[in-house]
Amino acid sequence: LSTYLSTTGIMSLEIIRSQNHLSVLGAVATAAAVGFVAYVFAHFQWVNSPEKRRKKIPSCVIVISGKRKCGKDYISQFLHERIGTMSSLAHLSSPLKEQYAKDHNLDFEELLSDSSYKEKYRKDMIEWGEQQRCADPAVFCKLACAQLRAPIWIIADARRPSDIEYFKARYNVVTVRVTSTNSQRILRGLCYSSAIDDAPSECALDSYNFDFVIQNDTTSGLTPALNRAIQEVIASAASFL
């Protein structure tokens, strides 16, 4: 930008000198017009430079939270499908589970599934994750987002205020809480355990002031109410594009 402006100054002086048949005022006006055009071009080049584009990605992060079996993955996937290639979907738990599986010689793909295998190791995995967060509260946020490139990121499983604050400190953020009745969560396979369901990983965001709260008690796909809620979230995120 400074190079363009410096060049513009030289061009302006040359115009003033060469325009002997014009009044001084006219020459200055002409030079100013040339300078303005050069500035606009330089600014356009700077804003659209690879470095600046990298800094602008993402335009918005949709951060989703919810308790076990509330359907936050279900809602996150709908958002991702609706927004399409303009979005990237990530789980903060994925790098946690991957490293935990390596350290304990477990099946990573099974830990990603909604299975009894994952539930068997959930409590120990939570404790292991807490140890990692003590060393670096943002460790899993950074790992989960390292390869994301779309203008809108969807984070499917924030569990702590520090997760949300990591993104808010860097990007435009829309926060979403997915809730469901206990009866529906039980129908989806919830087996209550105080060691898990009363832990910070499930309760730390209970009193957080979310931008949107989506009640997800559906058993028959995307209802009109869910559709409206998803569209409201998308409209809010799109306002940052």
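Glutamate 130 is partly exposed at 27% relative accessibility, where partly exposed denotes the range between buried (under 20% relative accessible area) and exposed (over 50%), computed with a 1.4 Å probe on protein chains only. The model is predicted, so local features need pLDDT of at least 70 and side-chain atom pairs count only at pLDDT 80 or more, whereas totals for chains, interfaces and linings use all residues. Residues are numbered from 1 along each chain as its sequence is written, and side-chain values use heavy atoms, with hydrogens and water left out.

The side chain of glutamate 130 meets that of arginine 160 in a salt bridge, at 2.0 Å from N to O. A salt bridge requires a side-chain nitrogen of Lys or Arg within 4 Å of a carboxyl oxygen of Asp or Glu. The pair links distant parts of the chain. Glutamate 130 sits in helix H7, and arginine 160 in the loop between E3 and helix H9 (161–168). The two are 30 residues apart. Helices (H or I, at least four residues) and strands (E, at least two) are DSSP runs, numbered from the N terminus. Arginine 160 is buried, with a relative accessible area of 8%.

A search of the whole structure finds ten salt bridges.

Arginine 177 forms a salt bridge with aspartate 206, with 2.9 Å between the closest N and O atoms. Arginine 177 lies in strand E4 and aspartate 206 in the loop between helix H12 (200–203) and E5, so the pair ties together parts 29 residues apart in sequence. Arginine 177 is buried, at 9% relative accessible area. Aspartate 206 is partly exposed, at 41%.

The strands were examined next. An open sheet of five strands has the order E2-E3-E1-E4-E5, with parallel pairing. Two strands pair if DSSP finds at least two bridges between them. Strand E2 (87–90) and E5 stand at the edges, each with a single partner strand, so one side of each is left without a neighbour in the sheet. Neighbouring strands are turned by 20° against each other on average, direction ignored. Axes are lines fitted to C-alpha atoms, for helices over the stretch in contact, and angles run from 0 to 180 degrees between N-to-C directions.

Strand E1 (residues 60–66) has bridges to two parallel strands. Five bridges join E1 to E3 (residues 152–158). In this pairing, serine 65 stands opposite alanine 158. Six bridges join E1 to E4 (residues 173–179). Here the partner of isoleucine 62 is valine 174. E4 is in turn joined to E5 by four bridges, again in parallel. Arginine 177 stands opposite valine 213 in E5.

E1 is mostly covered, with seven of its seven residues buried. Cys60, Ile62, Ile64 and Gly66 are buried on one side, and Val61, Val63 and Ser65 on the other. Cysteine 60 has a relative accessible area of 0%.

Helix H4 (residues 72–83) lies across E1, E2, E3, E4 and E5. H4 runs at about 175° to E3.

Asparagine 216 is found in the loop between strand E5 (212–215) and helix H13 (224–238). Asparagine 216 is buried, with a relative accessible area of 1%. Residues up to four places away in sequence aside, asparagine 216 touches Cys70, Gly71, Tyr74, Ile75, Val178, Thr179, Ser180, Arg188 and Leu226. Contact means heavy atoms within 4.5 Å.

The cysteines complete the analysis. A disulfide is a covalent bond between the sulfur atoms of two cysteines. The criterion is a pair of cysteine sulfur atoms within 2.5 Å. The structure holds zero disulfides. Cysteine 141 is buried, at 1% relative accessible area. The cysteine sulfur closest to that of cysteine 141 belongs to cysteine 145 and is 6.7 Å away, too far for a bond.
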